[in-house]
Amino acid sequence: MQKGQIIKAISGFYYIKDEQGETYQTRARGVFRKDGVNPLVGDHVEFTSDNLTEGTLTAVKDRKNALVRPPIANVDVGVVIASVIEPEFSTQLLDRFLVMLEHKNIAPIIYISKLDIADAALKEEMADYKEIYEKIGYPFITIDVEKVENVKENLKATFKDYFTNKLVVFIGQSGAGKSTLLNHLNPEFNLKTAETSKALGRGKHTTRHVELYPLLDGLFADTPGYSALSFLEIEAVEISDCFPEMRAISDQCRFRGCLHQNEPNCAVKKAVKNSRIAISRYESYLQILKEVQERKPMY
């Protein structure tokens, strides 16, 4: 029995890299469909094969997490790429991405793109947000490519420790700069970059399938852009646990299971009032909470 990790899945074929670095083309056992087993890129698996092109995927090991879009498993780090402009920066969208990652136990990193085309007021605004998110504990990377020498080396050094031995996904709106960042980190990728459509306010999709690539001693998967995020897997009482600054003080609320909405003696609302929790973060929380509370039941 051989062991490895699925690094690509196309048209029913699963490409597995084994512990020696060889890649095998395999098909899944027929019983997988009957048992409802759906192998994903990122899965650690067992397989058998006499050659590199005719293997059989025999077992999928337990996952620590799985994403639907992209369909990928066992993700360690999520880099949220948010542009200052074109498309316009949105704390609510950023917070939605962060909640999604927190719910899946994926460590978030925030990368702000296009600072080189932002005016002074926008750069100052980003500095304020940097303070807010770093206080929470999130890496908030802002590099003005016009002002930094050796941009590629600077970015590589910045991301190296986060990527080593990790499976990393890059997420964000189309046109936010994911492919550009990847090309900075490794010019050999030469990934297509798409100009933002001014009419739509978002870029064209440039990603066709999920595949893992080596990068900075780790693995990364580029992903499609997101036009919307839904929270079908999360319950109302779980949302505040996806906000680290709320999670840290929620046990100080008067009521167990406090939703930090209308309840009296709420530690979170008190922290917002005292500016220990940013009002923008609390507004994002309330928006997501309302969305989940109004979600129609699925049968």
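**Cavity, strands and a buried aspartate**

Mentor: By the rule applied here, there is one cavity of 30 Å³ or more. Please keep in mind that this is a predicted model.

Trainee: How much space lies in the largest cavity?

Mentor: The largest cavity holds about 90 Å³ of space.

Trainee: And which residues lie nearest its centre?

Mentor: Ile-81, Ala-82, Ser-83, Leu-93 and Gln-173 lie nearest the centre, out of 14 lining residues. Strand E8 (77-83) and helix H2 are the elements that give two or more residues to this lining.

Trainee: Which element gives the largest share of the lining?

Mentor: E8 does, with four residues.

Trainee: What is the lining like by class?

Mentor: Nine of the lining residues are nonpolar, four are polar and one is charged.

Trainee: Let us stay with E8. How many of its residues are buried?

Mentor: Seven of the seven residues of E8 are buried, and the strand is mostly covered. In a regular strand, side chains alternate between the two faces of the sheet. In E8, Val-77, Val-79, Ile-81 and Ser-83 point one way, while Gly-78, Val-80 and Ala-82 point the other way; all of them are buried.

Trainee: In which sense do E8 and E9 pair, parallel or antiparallel?

Mentor: The two strands pair in the parallel sense, over seven bridges. Two of the residues nearest the cavity centre, Ala-82 and Ser-83, have bridge partners in E9: Ile-112 for Ala-82 and Ser-113 for Ser-83.

Trainee: Why is E9 described as largely enclosed by the rest of the structure?

Mentor: Because six of the seven residues of E9 (residues 107-113) are buried. The cut-off for buried is a relative accessible area under 20%.

Trainee: Changing topic: where is Asp-95 found?

Mentor: Asp-95 is found in helix H2, which covers residues 91-103.

Trainee: Is Asp-95 buried or exposed?

Mentor: Asp-95 is buried, because its relative accessible area is 0%, and the cut-off is under 20%.

Trainee: What does its side chain make polar contacts with?

Mentor: The side chain of Asp-95 makes a polar contact of 2.8 Å with the side chain of Arg-281. A polar contact of 2.6 Å joins the side chain of Asp-95 to that of Ser-284.

Trainee: Leaving aside neighbours within four places in sequence, which residues is Asp-95 in contact with?

Mentor: With that exclusion, Asp-95 is in contact with Tyr-133, Ser-280, Arg-281 and Ser-284.

Methods. Residues are numbered from 1 along each chain as its sequence is written. This is a predicted model: local features need pLDDT of at least 70, side-chain atom pairs count only at pLDDT 80 or more; totals for chains, interfaces and linings use all residues. Side-chain values use heavy atoms; hydrogens and water are left out. Buried means under 20% relative accessible area, exposed over 50%, partly exposed in between (1.4 Å probe, protein chains only). A polar contact is a pair of N or O atoms within 3.5 Å; within protein, one must be able to donate a hydrogen and the other to accept it, and residues adjacent in sequence count only if both atoms are side-chain atoms. Contact means heavy atoms within 4.5 Å. On a 1 Å grid over the protein atoms alone, a cavity is a set of points where a 1.4 Å probe fits but cannot get out, and a pocket is an open set with protein on both sides within 12 Å along at least five of seven lines; lining residues have an atom within 4 Å of a point. Grid points are joined across faces, edges and corners, and a volume is the space filled by probe spheres set on the points. Ala, Val, Leu, Ile, Met, Phe, Trp, Tyr, Cys and Pro count as nonpolar, Asp, Glu, Lys and Arg as charged, and the others, Gly among them, as polar. Two strands pair if DSSP finds at least two bridges between them.
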